[in-house]
Amino acid sequence: MRDVYIASSSMINVDRHFNRGYKELAGVVVKDVIEGASVEQPDYIVVSSMFAESSLNQLDLATILTQHLGLKPVPAIRVDTGESSGLAAVEIAYSLITAGRADTVLVVGVEKATEFPTRVTNRFLSKVLDYEVEVLRNITPPNYAALIMKEYMKRYRVSREELTIWPVKMHENALRNPYAQLKFKITPSKVLNAIKISEPITLYDMFPIGDGAAALILASSKVARKSGREVLLVRDVVSATSRPLYLRDDITRFESIATLISMLRRKYGFRIDDAVYEIHDSYSIYAYIILEELGIARRGASYKEVENLVYVNVSGGLKARGHPFGATGVYQVSEVYNIMVKGAGGVRFDGTFGLTHSMSGPDYNSRLCLLERVV
Amino acid sequence: MRSSISIFWRKKDSYYKVLLTRCKRCGRASFFARDVCPYCGSSDVSIVESSGRGRVVSYTVSYFRTDSNEEYLPLIIALVRLDEGVYVTGELRDVEPAEVREGMEVETVLRRYSSDDPYGLIYYGLKFIPVIKRG
């Protein structure tokens, strides 16, 4: 199995890009990332875009995008794992190189979440749940976050006010991220009094709707060295599937994450306190649970430790950097790459590991990407 | 046409009755009629009909707007523990949000889920309502 490196990364600011379509958004980051890696053309293109069929009315988006960008005859494939599609695209790219099937793979995450009014987008994004059992019966993702939050508050005797710390911190972090969608401070009171989504979840407990594009060049050793830039090793990308919420024994647990982090610690000697993280905080309550499942904080007490976290979601996370669904997983890897290689938002991480976590729904599936600095 | 008529016809038993899948291999029961146990993957399963009665374990009042549910907002999504010990998530109707209590007894009725506006198909299915105690 061959080593896989990140040779370059690129992203655009997350926003409502009404004046640009997916081809234009993707075009910007693809051009930038190919130049950055000093490659002529990739061997393979892996694309992630959660709303390809719904908002964009486009099947086989990977091929259409590749045709548009003039990259023939390069083969292209689109990956769909719901909200974690971006990291799944990295997973496939990693697999292609490590198996020797490609030397250079372009990963593109692109999302146009604003092509339709929000209430239509909300219907589309609810389809990450089981259509026949959940969606048709009027259940939507924020409902699950709300049920989980209520159970968590009851179980660990945590108040609604105490759980406002995460969004507040994310907005603070985003102030230093030029790519973030929301760049304004908020207070605990603003979180509590924001529009009700599914009580006790308010608008400021969840991600904004926005468009984005991010790209990476993953490469084998011989290609990576040619770029002349410091390179980061993609040690592994692992994933797992969890049960639907109504079949869980404990709805405050995200079991896939626990399984995956345990595997990474065992296999690669991953050390929790020697890493910089980007986690999938689609809802603030999920952030608290993810921190606990990763072992960064004690169960039921992660809210107490948020204030002291320096190297978690420096970008502002899904809450404030934004959640351009299919692109998010690619943004996260790009952000960790930047913090480790050159610094970002006034933060530089000189340690060993980078870990990104991407998931769909309430941990319907979760994926972890382990990055490692090589000397 | 938003949803498939075929799906509703094919799954009418599951949408118009509360059906559970009972697994002979692992012994667990789960909501919705399936041919595979979602706990262990075994196809050695049998379908049983639930009374549709249970108690509210938890609930949330939802204001999350989609172009399918707009006319029903706010709606209440409840996590219900059926008398058979199986958990279900579903909509709770005929009760004001302020009146919902954890532990409340509920039963199942046929209601409208959504419709293709304005002249299209209407999709029906089961929802929970409080059991009214005669005093």
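Just after helix H11 of chain A, A:Gly295 takes a positive phi of about 90 degrees. This is a predicted model.

**Helix H11 of chain A**

- H11(A) covers residues 284–294.
- Its buried residues include A:Ser284, A:Ile285, A:Tyr286 and A:Ala287.
- A:Glu292 and A:Glu293 are also among the buried residues of H11(A).

**Helix H10 of chain A**

- H10(A) runs over residues 255–268 and has 14 residues.
- From its first C-alpha to its last, H10(A) reaches 20 Å, close to the 20 Å expected at 1.5 Å a residue.
- Which residues of H10(A) are buried? They are A:Ser256, A:Ile257, A:Leu260, A:Ile261 and A:Leu264.
- Seen down the axis of H10(A), these buried residues fall within an arc of 120 degrees, so they line one face of the helix.
- An α-helix has 3.6 residues a turn, so residues three or four places apart point the same way.
- What do the buried residues of H10(A) pack against? Their partners in chain A are strand S8 (232–241), helix H11, strand S10 (353–360) and strand S11 (365–373).
- A:Gly269 follows H10(A), and its phi is positive, near 65 degrees.

**Where H10 meets H11**

- H10(A) and H11(A) pack at an angle of about 35 degrees. Their axes are 8 Å apart.
- The crossing of the two helices, H10(A) and H11(A), is right-handed.
- H10(A) brings A:Ile257, A:Ala258 and A:Ile261 to the contact. H11(A) brings A:Ile290, A:Glu293 and A:Leu294.
- By class, this contact has five nonpolar residues, no polar ones and one charged residue.
- A:Ile257 and A:Ile261 are among the buried residues of H10(A), and both take part in the contact with H11(A).

**A:Val238 in strand S8**

- A:Val238 lies in strand S8 of chain A.
- Is A:Val238 buried or exposed? A:Val238 is buried, because its relative accessible area is 8% and buried means under 20%.
- A:Val238 touches A:Leu260, A:Met263 and A:Leu264, as well as A:Ser366, A:Arg367 and A:Leu368. This leaves out residues up to four places away in sequence.
- A:Leu260 and A:Leu264 are among the buried residues of H10(A).
- How many residues apart in sequence are A:Val238 and A:Ser366? They are 128 residues apart, yet 8.5 Å apart in space, C-alpha to C-alpha.

**Helices H3 and H14 of chain A**

- The axes of H3(A), residues 85–98, and H14(A) come within 5 Å. They cross at roughly 60 degrees.
- On the H3(A) side, the contact is made by A:Ser85, A:Gly86, A:Leu87 and A:Val90. On the H14(A) side are A:Gly326, A:Gly329, A:Val330 and A:Val333.
- The residues of this contact divide into four nonpolar, four polar and no charged.

- H4(A), residues 118–125, is mostly covered, with six of its eight residues buried.
- Those buried are A:Val120, A:Thr121, A:Asn122, A:Arg123, A:Phe124 and A:Leu125.
- The cover over them includes helix H6 (141–156) and helix H14 (325–341) of chain A.
- A:Arg123 has a relative accessible area of 16% and is buried.
- Which residues does A:Arg123 touch? Not counting residues up to four places away in sequence, A:Arg123 touches B:Arg2, B:Thr66, B:Asp67 and B:Ser68.

**Chain B as a whole**

- Chain B has two helices and eight strands.
- Along the sequence the pattern is α-α-β-β-β-β-β-β-β-β.
- The C-alpha trace of chain B spans about 45 × 45 × 25 Å along its principal axes.
- Of the 135 residues of chain B, 46% count as buried.
- Take contacts in chain B between residues at least 6 apart in sequence: 46% of them join residues at least 24 apart.

**B:Ala33 in a loop**

- B:Ala33 sits in the loop between strand S2 (29–31) and strand S3 (45–49) of chain B.
- B:Ala33 is partly exposed, with a relative accessible area of 22%.
- Leaving aside neighbours within four places in sequence, B:Ala33 is in contact with B:Ser14, B:Leu19, B:Thr21 and B:Ile47.
- B:Ala33 and B:Leu19 are 14 residues apart in sequence and 5.5 Å apart in space, C-alpha to C-alpha.

Technical notes. Residues are numbered from 1 along each chain as its sequence is written. Chains are lettered from A and ligands numbered from 1 in the order in which they are written. This is a predicted model: local features need pLDDT of at least 70, side-chain atom pairs count only at pLDDT 80 or more; totals for chains, interfaces and linings use all residues. Side-chain values use heavy atoms; hydrogens and water are left out. Helices (H or I, at least four residues) and strands (E, at least two) are DSSP runs, numbered from the N terminus. The expected span of a helix is 1.5 Å times one less than its number of residues. Buried means under 20% relative accessible area, exposed over 50%, partly exposed in between (1.4 Å probe, protein chains only). The arc is that of the directions from the helix axis to the C-beta atoms. Contact means heavy atoms within 4.5 Å. Axes are lines fitted to C-alpha atoms, for helices over the stretch in contact, and angles run from 0 to 180 degrees between N-to-C directions. A crossing is left-handed if the near helix is turned anticlockwise from the far one by less than a right angle, and right-handed if clockwise. Ala, Val, Leu, Ile, Met, Phe, Trp, Tyr, Cys and Pro count as nonpolar, Asp, Glu, Lys and Arg as charged, and the others, Gly among them, as polar.
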